[in-house]
Amino acid sequence: MARRKLIYEGKAKILYEGPEPGTYVQYFKDDATAGNGAKKDVIEGKGVLNNRMSEFFMVGLGNIGIPTHFIRRINMREQLIRQVEIIPLEVIVRNFAAGSMAKRLGMEEGAALPRPIVEFSYKDDKLGDPLVPEEYIIAFGWASQQDMDDIVSMALRVNDFLSGTMYGVGIKLIDFKIEIGRIWDNEFPRLVVADEISPDCCRLWDVETGQKLDKDVFRQDLGNLADAYTEVARRLGVLPSNVTHRPKPTLIN
Ligand SMILES: Nc1ncnc2c1ncn2[C@@H]1O[C@H](COP(=O)(O)OP(=O)(O)OP(=O)(O)O)[C@@H](O)[C@H]1O
Ligand SMILES: [Mg+2]
């Protein structure tokens, strides 16, 4: 196969030029980073698990009418996606206090919030992805007021879908981050969920035990990250072995 053109290599994924114009191939790496790259490791199998889980969530969102960049999974580590103009924001939805919010406000990790809270960070590694008010986003032209209204309602729908799906497998969705992209359909801009949805960008706690099953396991040295992600994938029924070694159908008489 001819060598593909590299578009971008990030901390967790690589984008290559896709087979058709307007598409990319998204390759999921095994690299794990935290604290904006300060802590790094290679977690064998993470890329395979995240590729499957991101596929699972993007397909699910598509099925309930939330557009995403996902086209199809190509293999264990790659999926075909639509090329989008990424809005340079991390869109964060929080159901329970944790991470930077708990720290900033002196709240206990896991404290329930009065309602889901949507917040935005400006995507800039050099600045450490600082939290920005909507006012800045509109004033600097990163997105319009209409975009922001659409992004908030989309983020809340994604939250309902993810919370419900996770709760169904005994997992509490504490918070998550998504990225939104713009695509052009015959001159009309449309917003879609892009990047990835995986335990790399969510906080997931077991409903019964409170055990963490997300990237905090790596950030806080709480154990084996691949085991935690495997557990999430197993509960969702998307463990690669389930899929690749599915028994052949047998005739029942
Ligand atoms: N459909 C898409 N079209 C174009 N770019 C995309 C799409 N989906 C995701 N991206 C971008 O691809 C990159 C994915 O790589 P990765 O997540 O490893 O980057 P990163 O190191 O986290 O850096 P960044 O701070 O840019 O996210 C991100 O920059 C993301 O914004
Ligand atoms: Mg990223």
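Start by selecting helix 1 (residues 46-63) and helix 4 (residues 145-167), whose axes come within 11 Å and cross at roughly 120°. Here helices (H or I, at least four residues) and strands (E, at least two) are DSSP runs numbered from the N terminus, while axes are lines fitted to C-alpha atoms, for helices over the stretch in contact, with angles running from 0 to 180 degrees between N-to-C directions. You are looking at a predicted model, where local features need pLDDT of at least 70, side-chain atom pairs count only at pLDDT 80 or more, and totals for chains, interfaces and linings use all residues. Residues are numbered from 1 along each chain as its sequence is written, and chains are lettered from A and ligands numbered from 1 in the order in which they are written.

Helix 1 and helix 4 are therefore oblique to each other (angles under 35 degrees count as roughly parallel, over 145 as roughly antiparallel, 65 to 115 as roughly perpendicular and the rest as oblique). Show side chains next: Phe57, Gly60 and Leu61 of helix 1 meet Val158, Phe161, Leu162 and Thr165 of helix 4, contact meaning C-beta atoms, placed from the backbone, within 7 Å. This contact has 5 nonpolar, 2 polar and no charged residues (Ala, Val, Leu, Ile, Met, Phe, Trp, Tyr, Cys and Pro count as nonpolar, Asp, Glu, Lys and Arg as charged, and the others, Gly among them, as polar).

On helix 1, pick Lys46, Leu49, Arg52, Met53 and Phe56; their partners on helix 6 include Tyr229 and Leu236. By class, this contact holds 9 nonpolar, 1 polar and 2 charged residues.

Now move to ligand 1. Of the 19 residues around ligand 1, Gly10, Lys11, Ala12, Lys13 and His69 come nearest (near means a C-beta atom, placed from the backbone, within 6 Å). Highlight strand 2 (13-17), strand 7 (78-82) and strand 12 (171-185), each supplying at least two residues of the shell. That shell has 8 nonpolar, 4 polar and 7 charged residues.

Notes
Two residues are in contact if their C-beta atoms, placed from the backbone, lie within 7 Å.
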